[in-house]
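Work through the exercises below with the sequence and the coordinates at hand. Each task is followed by a worked solution.

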Amino acid sequence: MLKTLASLVFYARFLGPFSTFGHRRRLAARPAAPFDFRGQRWCVTGASGGIGRAIVLGALHGGAEVHALARDAAKLEALRRDAGEGARRLHAVPLDLSRVAAAEAWAAHAPRFDVLVHNVGVMLHAHTLTSEGVETSFATNLLVPFAMTSALREAGALDAGSLIISMSSGGAYGAKLDLDALEARDAAHHDGFMAYAQHKRAQIELTRAWNAQAHGPRAQVMHPGWVDTDGVRSSLPGFRRVLRRVLRNGEQGADTALWLAATRPEPRPEGGIWLDRHRDTEHAFAMTRGGASAEALVAFLRQRASSIR
Ligand SMILES: NC(=O)c1ccc[n+]([C@@H]2O[C@H](COP(=O)([O-])OP(=O)(O)OC[C@H]3O[C@@H](n4cnc5c(N)ncnc54)[C@H](OP(=O)(O)O)[C@@H]3O)[C@@H](O)[C@H]2O)c1
């Protein structure tokens with residue numbers, strides 16, 4: 001009962017800015033600029049559907065070469081068909097991004113990227129383990145993006161001229177970072193919604209940690225608003241039923257990622273999370289302040305990744 005009430009308060013608080021109305025209000029005055037990404041090489045994860053697919057198509061439209069990573073080869077092939085003349089600059093990479101070893105093996109031979117979009121993200125209500133024994137949503141949302149980024153840096157595929165964009169969520173506004181809550185080790189303690197909120201909060205801290213590293217790529221973290229995707233359809237069917245008329249489309253969800261890559265704003269020491277080309281606060285409620293630090297998160301992820309190698 002209390003949980004339902006808290007959810008209602010949460011959704012009511014963000015209905016304006018996160019819905020399609022918020023997107024229109026903030027961006028109505030701006031022309032849908034044709035971004036110029038010619039000469040750039042991009043990597044987009046979770047690229048075969050939803051927001052990731054729209055990012056790939058936007059980057060190809062701007063002239064970029066794009067490496068599109070997702071599991072389903074048929075969906076990647078459909079993406080190629082929709083890419084038009086951009087298809088010749090599209091590299092479809094079927095890869096399971098819930099597995100550290102697979103991501104690291106791919107990263108070891110990857111070319112240099114100008115832009116890396118960590119878009120893949122899942123909210124899983126059932127507790128399942130990957131073949132490496134890691135809770136699947138934690139692996140997909142956080143551990144693999146962390147390990148993959150480190151491997152890409154080691155391979156020289158990311159350098160000071162590269163930009164990393166992480167696709168967080170308004171769900172981050174519901175959690176204070178708690179390292180013990182990132183990965184439930186048994187089904188009885190798994191709350192898919194809260195785990196997702198933790199992972200999305202952690203992406204904000206990870207961005208801070210990446211930006212603190214000298215001579216490394218710059219990093220930004222954003223959220224797309226509420227977007228009508230397969231992910232929302234399967235993870236939040238009730239939410240979608242009530243709000244589907246005001247959900248954004250994929251292009252609206254992708255817009256800020258494309259804009260960040262085109263304009264390259266400087267990260268700020270105080271951080272911030274981007275929505276609709278605006279740097280918003282990292283904390284909408286006092287209760288999310290004071291969680292684990294960026295340094296502690298990195299140490300935790302490093303240790304967890306090495307424990308499965
Ligand atoms: N939709 C929203 O309202 C919303 C709101 C806030 C934040 N976000 C964030 O935006 C991002 C994209 O969300 P979305 O709604 O577009 O998701 P989606 O519709 O579920 O699409 C997810 C994509 O990730 C791929 N994927 C899933 N698991 C994978 C794995 N293990 N390995 C490789 N690829 C995998 C899927 O393709 P395959 O099945 O082919 O692998 C698909 O291309 C996520 O990080 C999400 O948290 C979304």
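**Exercise 1.** Determine how many residues line the largest pocket and which of them lie nearest its centre.

Solution. Step 1: the lining of the largest pocket consists of 47 residues. On a 1 Å grid over the protein atoms alone, a pocket is an open set of points with protein on both sides within 12 Å along at least five of seven lines, and a lining residue has an atom within 4 Å of a point. The model is predicted: local features need pLDDT of at least 70 and side-chain atom pairs pLDDT 80 or more, while totals for chains, interfaces and linings use all residues. Residues are numbered from 1 along each chain as its sequence is written, and side-chain values use heavy atoms, without hydrogens and water.

Step 2: Gly121, Val122, Thr229, Gly231 and Val232 lie nearest the centre of the largest pocket. The space in this pocket is about 1200 Å³, a volume being the space filled by probe spheres set on grid points joined across faces, edges and corners.

Step 3: sort the lining by element. Helices here are DSSP runs (H or I, at least four residues), as are strands (E, at least two), numbered from the N terminus. Helix 8 (230-235) is among the elements that supply at least two residues, and the largest share, 5 residues, comes from helix 8.

Step 4: sort by class. The lining has 21 nonpolar, 20 polar and 6 charged residues, where Ala, Val, Leu, Ile, Met, Phe, Trp, Tyr, Cys and Pro count as nonpolar, Asp, Glu, Lys and Arg as charged, and the others, Gly among them, as polar.

**Exercise 2.** Find which residues line the largest cavity.

Solution. Step 1: a search of the whole structure gives 1 cavity of 30 Å³ or more; a cavity is a set of points where a 1.4 Å probe fits but cannot get out. Step 2: its lining is made up of His118, Asn141, Leu142, Pro145, Ser166, Gln203, Leu206 and Trp210. Helix 6 and helix 7 are the elements that give two or more residues to this lining. Step 3: by class, the lining holds 4 nonpolar, 4 polar and no charged residues.

**Exercise 3.** Identify the residues with the most contacts inside the largest nonpolar core.

Solution. Step 1: a nonpolar core is a set of buried Ala, Val, Leu, Ile, Met, Phe, Trp, Tyr and Cys residues joined through side-chain atoms within 4.5 Å. Buried means under 20% relative accessible area, exposed over 50%, and partly exposed in between (1.4 Å probe, protein chains only). Step 2: the largest core has 42 residues, and Trp106, Met148, Leu152 and Leu297 have the most contacts inside it. Helix 6 (136-154) is among its contributors and gives the most, 10 residues. Step 3: beyond its neighbours within four places in sequence, Met148 is in contact (heavy atoms within 4.5 Å) with residues including Cys43, Leu69, Trp106 and His118.

**Exercise 4.** Classify the pairing of Phe10 with Phe285.

Solution. Step 1: rings of Phe, Tyr and Trp (its six-membered ring) pair if their centres lie within 6.5 Å; planes under 30 degrees apart count as stacked, over 60 as edge-to-face and the rest as tilted. The structure holds 16 such pairs. Step 2: Phe10 and Phe285 are 6.3 Å apart centre to centre with 40° between the planes, so the pair is tilted. Step 3: Phe10 is in helix 1 (residues 2-18), and Phe285 is in the loop between strand 8 (278-280) and helix 11 (294-307), 275 residues apart. Step 4: Phe10, at 16% relative accessibility, counts as buried, whereas Phe285, at 25%, is partly exposed.
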